[in-house]
Amino acid sequence: MKLPSSVQIVEVGPRDGLQNQAKILPAAVKIDFIDRLSATGLSVIEATAFVSPKWIPQLADHAEVFAGIHKKSGVRYPVLVPNVKGMQVAMAAGVTDIAVFSAASETFSQKNTNCSIAESLARIAEIMILAKQHNIRVRGYISCVVGCPFEGAIAPGVVAPLVEKLLDLGCHEISLGDTIGVGTPKTVRVLLDAICKKIPVEKLAVHFHDTYGQALVNIYVALEHGIRVIDSSVAGLGGCPYAPGASGNVATEDVLYLLQGLGIETGVDLKKLVEAGRFVCEQLGQQVASKVSLALGG
Ligand code: HMG
Ligand code: MG
């Protein structure tokens with residue numbers, strides 16, 4: 001299959017990357033981080049999450065961060081929203097793009113959002129009413145598409161109906177989350193074969209955590225399926241506090257190096273991205289988890 005000529009990277013570092021850190025960064029540092037990311041040419045940066053601060057204290061400053069970022073023209077700054085309460089606060093902060101989330105595993109849904117999959121879809125339907133009234137663009141996530149930390153392997157047939165449901169509710173795009181990074185080219189191929197039979201590829205994105213070092217090769221499988229939207233997190237930051245064993249997302253620097261090597265356009269400047277990743281890791285007091293960033297030294 002012919003690979004796409006261009007790909008949109010959805011940078012999730014400020015949200016997925018920071019939601020699981022032991023060190024909570026001040027809002028001003030998060031704002032600086034996001035502004036550095038928007039200077040790299042990234043066109044979508046997930047900025048924060050309007051989730052409960054009791055569940056994710058790392059992002060309790062969501063409104064302050066969203067208000068403080070210098071919104072660059074042409075850049076979208078979606079935020080994660082779990083329920084109507086979060087939607088109301090997000091709307092008051094002036095968001096124009098949100099992301100909602102459900103899961104392919106009942107147990108993960110309970111642990112992550114204290115509700116069943118069906119209840120999460122009902123919450124999303126309520127959020128959608130407000131989104132439509134206020135012309136807010138909504139992306140959908142499905143977590144645990146390949147495996148769940150509590151239930152093990154997820155049957156591929158479970159995911160396509162959820163994708164269809166989220167699209168019917170009004171999501172413009174669905175990101176398929178390998179939350180704990182257990183997918184391999186074989187399981188990811190079987191999953192994408194099943195989904196792509198039913199869903200137009202333009203509606204799909206992939207979101208790989210890199211726990212077992214399989215993310216890049218899984219992304220290649222997604223590219224072979226014609227998928228043109230890839231989520232990643234600069235410096236490989238990330239993890240989900242409600243998914244034991246989940247490590248960081250695939251590093252954006254590494255994804256960019258792969259795409260550049262394949263001749264696929266992204267519009268993102270690798271050098272500036274590496275600098276943004278090093279900046280946030282310095283602030284967090286941790287190593288950059290990107291092979292490309294480390295190889296480039298400096
Ligand atoms: P709950 O405790 O069942 O909620 O949490 P509740 O409705 O019973 O409310 C309890 C308290 O929280 C109340 O306050 C509410 O007002 C408040 P109290 O009366 O006790 O003072 N509350 C809120 N406060 C602020 N913002 C809100 C909000 N909602 C309620 N939005 C809830 C249910 C969904 C809120 C909670 O479970 C939650 O916030 N979960 C989010 C967990 C999370 O963020 N996980 C990580 C993101 S998902 C992920 O990482 C996967 C992804 O990357 C894809 C992949 O990798 O697969 C997307
Ligand atoms: Mg994630």
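Buried means under 20% relative accessible area, exposed means over 50%, and partly exposed lies in between (1.4 Å probe, protein chains only). This is a predicted model: local features need pLDDT of at least 70, side-chain atom pairs count only at pLDDT 80 or more, and totals for chains, interfaces and linings use all residues. Residues are numbered from 1 along each chain as its sequence is written, chains are lettered from A and ligands numbered from 1 in the order in which they are written, and side-chain values use heavy atoms, with hydrogens and water left out.

**Exercise 1. Describe the protein donors of the magnesium ion (ligand 2).**

Solution. 
- Apply the cut-off: donors are N, O and S atoms within 2.8 Å of the metal (3.2 Å for Na, K and Ca). Water is not among the atoms, so the site may look incomplete.
- Check burial: His-207 and His-209 are both buried.

**Exercise 2. Find and classify the aromatic pairing.**

Solution. 
- Rings of Phe, Tyr and Trp (its six-membered ring) pair if their centres lie within 6.5 Å; planes under 30 degrees apart are stacked, over 60 edge-to-face, and the rest tilted.
- The count comes to 1 aromatic pair.
- Trp-55 and Tyr-242 have ring centres 5.1 Å apart and planes at 50°, so the pair is tilted.
- Trp-55 sits in the loop between strand E3 (48-49) and helix H3 (62-68), and Tyr-242 in the loop between strand E11 (229-232) and helix H10 (252-261). The two are 187 residues apart.
- Trp-55 is partly exposed at 31% relative accessibility. Tyr-242 is also partly exposed, with a relative accessible area of 22%.

**Exercise 3. Which charges lie over the faces of Phe-279 and Phe-150?**

Solution. 
- The test needs NZ of Lys or CZ of Arg within 6 Å of the ring centre and within 35 degrees of the ring normal.
- Arg-36 lies over Phe-279, 3.7 Å from the ring centre.
- Lys-111 lies over Phe-150, 5.0 Å from the ring centre.

Methods:
Helices (H or I, at least four residues) and strands (E, at least two) are DSSP runs, numbered from the N terminus.
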